[in-house]
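Please open the structure in your viewer and keep the selection tool at hand. The stops below each begin with something to select and then say what is found there.

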Amino acid sequence: MKKIGAIALTALLASSAWATTYSVQAKENVIQMENGDVKDASVYMKETGVITNIENRENARMVTVESDEGGITNFMITNDTLLFHSGKTESFGADKLQKGMKVEGYYDKNKPMILIYPAQITPELFFVMDEEHMGSVKVGKFDESFLSLDGELKLNIGEETVLVNQQGKKIQQADLKGKELIVFYSIMTMSLPPQTPPTKIIALDTLESEKYMRVMNIIEKDHYMKDGVKMIPLRKVAEELGYLVISRGEVNGAILTRDGENRSFTITRGTKSYGLNKSIRQFAVAPELIGGNKTYVSEEFLNMLLSDE
């Protein structure tokens, strides 16, 4: 499986009046604690509906989804999106998506998104709900007794429950604690709260929110616009995310690597193309040298820095 990537970036969701309106439509999962504090029951917001159109885009597939209330959302499905069949609990190829399918899309509410209408979202999670193979999905955080923080579901994990991490490797029950979980289940009790013997649980890797907010603060304080695209400081952002940035005069740019990862980026100023290992990718706007010593890249490159492609 791929590591969850960032949402296509243009501006902070929370900074827009339009975004405030949109967040009412989306389902934000927060709870009120006894001491008055508000706590996230999930880092994800959910959109549900039926696929009405599918378009192939460069390195993505745009899936238009209409909700029961008539709201329209364009989901940009990329290689970083985790797709699953809710009933079979199996990975689902984007090429198998079809009009008329009922789907659920989840995106990290702490990350920015393109501020346009219809909403365009690059979801971290995308589920196909099939009436022939019935199954439900719960995405959220759970306490030590495996009661969801929103109090909606209690997990009775048994020997037959498949436990894996985001990369698909088997893990132990203890490894689930403190993680955002994808829970697949088919039956539950009529008790309060409902209980279920889950079929499969996936423990998700999530970017530390504190580190992510530091990155966003860097971008908000140090950026400029070119051709409608936000340009961000390459070194500051990459180093905050743990990358080693090596200036290379022979390529008029830099090479980025990170410990423990078998991949590297080669950036060339003035050229839209950049290298990811042996593959070639494209920037929306070519990197530029500003002030004689700072390289700026188009903001969507943050997606690649956060991904595990």
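**A hairpin to begin with**

Select strand β17 (residues 244-248) together with strand β18 (residues 253-257), which pair in the antiparallel sense over five bridges. Strands here are DSSP runs of E of at least two residues, numbered from the N terminus, and two of them pair if DSSP finds at least two bridges between them. Within this pair, Leu 244 stands opposite Thr 257 in β18. Four residues lie between the strands of this hairpin, and in it Asn 252 takes a positive phi near 50°.

Residues are numbered from 1 along each chain as its sequence is written, and side-chain values use heavy atoms, with hydrogens and water left out. Colour the chain by pLDDT, the predictor's confidence in each residue from 0 to 100: the average is 84, and 83% of the residues score at least 70. Then select residues 1-27, where pLDDT stays under 50. Where pLDDT is low, the predicted coordinates should not be read in detail.

**An open sheet of four strands**

Next, display the four strands that form an open sheet in the order β9-β12-β14-β11, with mixed pairing. β9 (136-140) and β11 (162-165) stand at the edges with a single partner strand each, so one side of each is left without a neighbour in the sheet. From one strand to the next, the twist averages 15°, as an angle between N-to-C directions (from 0 to 180 degrees) of axes fitted to C-alpha atoms. Strand β12 (residues 180-185) and strand β14 (residues 200-204) pair in the antiparallel sense over five bridges, and Val 183 has Ile 201 in β14 as its bridge partner.

Finally, select Ser 86, in the loop between β5 (82-85) and β6 (102-108). Is Ser 86 buried or exposed? Ser 86 counts as buried, because its relative accessibility is 1%. A polar atom of the Ser 86 side chain lies 3.3 Å from the backbone oxygen of Gly 135. Beyond four places in sequence, Ser 86 touches residues including Val 128, Asp 130, Ser 136 and Phe 184, a contact being heavy atoms within 4.5 Å.

Notes:
This is a predicted model: local features need pLDDT of at least 70, side-chain atom pairs count only at pLDDT 80 or more; totals for chains, interfaces and linings use all residues. Buried means under 20% relative accessible area, exposed over 50%, partly exposed in between (1.4 Å probe, protein chains only). A polar contact is a pair of N or O atoms within 3.5 Å; within protein, one must be able to donate a hydrogen and the other to accept it, and residues adjacent in sequence count only if both atoms are side-chain atoms.
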